[in-house]
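Visitor: Could you take me through one part of this model in close detail? I would like to look at the salt bridges, with the cut-offs spelled out as you go.

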Amino acid sequence: MKTEVQIGTQRYTKVNACDEVGVGGAHHNYEIVPSEGGGVFAEVNFQTGGVNELGVNGCHNEDLIAIVIHRLQGFQSGDFSCRENALALTKLEEALHWLRHRTDARISRGVEGKNVV
């Protein structure tokens, strides 16, 4: 069952959630497709379940944020440097900080990698 994600402009591409809501209340499998038909540009499969319980079986939110940070850093070092990219970079770095903060808190509580709150 595919559900179109209604976030972003969808001018050129669409994002679909390709699975049922799973562990933790989130989808785990996505695809990016052209808005006007055609094949799949990319598939993203996130970790399902705790790493300590099921092993590494998908990517993490931080992985995708790291990709976008790296890409924007490239634009900022080239001809497409602009204020908007700088602001987006700042917010993405902040998002990465807070996800790392959450991970550190889970490590200190001894629940990192486990499927518990």
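Guide: Let's start with Glu94 and Lys91, whose side chains form a salt bridge with their closest N and O atoms 3.9 Å apart. A salt bridge here is a side-chain nitrogen of Lys or Arg within 4 Å of a carboxyl oxygen of Asp or Glu. Both Glu94 and Lys91 sit in helix 3, three residues apart, which is about one turn of the helix. Helices are DSSP runs of H or I with at least four residues, strands are runs of E with at least two, and both are numbered from the N terminus. Glu94 is partly exposed, with a relative accessible area of 37%, and Lys91 is exposed, at 55%. For these words, buried means under 20% relative accessible area, exposed means over 50%, and partly exposed lies in between, using a 1.4 Å probe and protein chains only.

Before going on, please keep in mind that this is a predicted model, in which local features need pLDDT of at least 70 and side-chain atom pairs count only at pLDDT 80 or more, while totals for chains, interfaces and linings use all residues. Residues are numbered from 1 along each chain as its sequence is written, and side-chain values use heavy atoms, with hydrogens and water left out.

Further along helix 3, which covers residues 83–109, you will find Arg106. Arg106 forms a salt bridge with Glu112, and the closest N and O atoms of this pair are 3.9 Å apart. Arg106 counts as buried because its relative accessibility is 8%, whereas Glu112 is partly exposed, at 33%. If neighbours within four places in sequence are set aside, Arg106 is in contact with Val111, Glu112, Lys114, Val116 and Val117; contact means heavy atoms within 4.5 Å.

Now move to Lys2 and Glu31, whose side chains meet in a salt bridge at 3.1 Å, N to O. This pair links distant parts of the chain: Lys2 is in the segment before strand 1 (3–4), Glu31 is in strand 3 (residues 29–34), and 29 residues separate them. Lys2 counts as exposed, with 56% relative accessibility, while Glu31 counts as buried, with 8%. In general, side chains of opposite charge can pair when their charged atoms come close. By the rule used here, the count comes to four salt bridges.

Of the 117 residues, 21% count as buried. Along its principal axes, the C-alpha trace spans about 45 × 35 × 20 Å. Residues 24 or more positions apart account for 20% of the contacts with a separation of 6 or more.

One backbone detail is worth a look too: Gln10 has a positive phi of about 60° although it is not a glycine. Gln10 is placed in the loop between strand 1 and strand 2 (13–17), and is partly exposed, with a relative accessible area of 22%.
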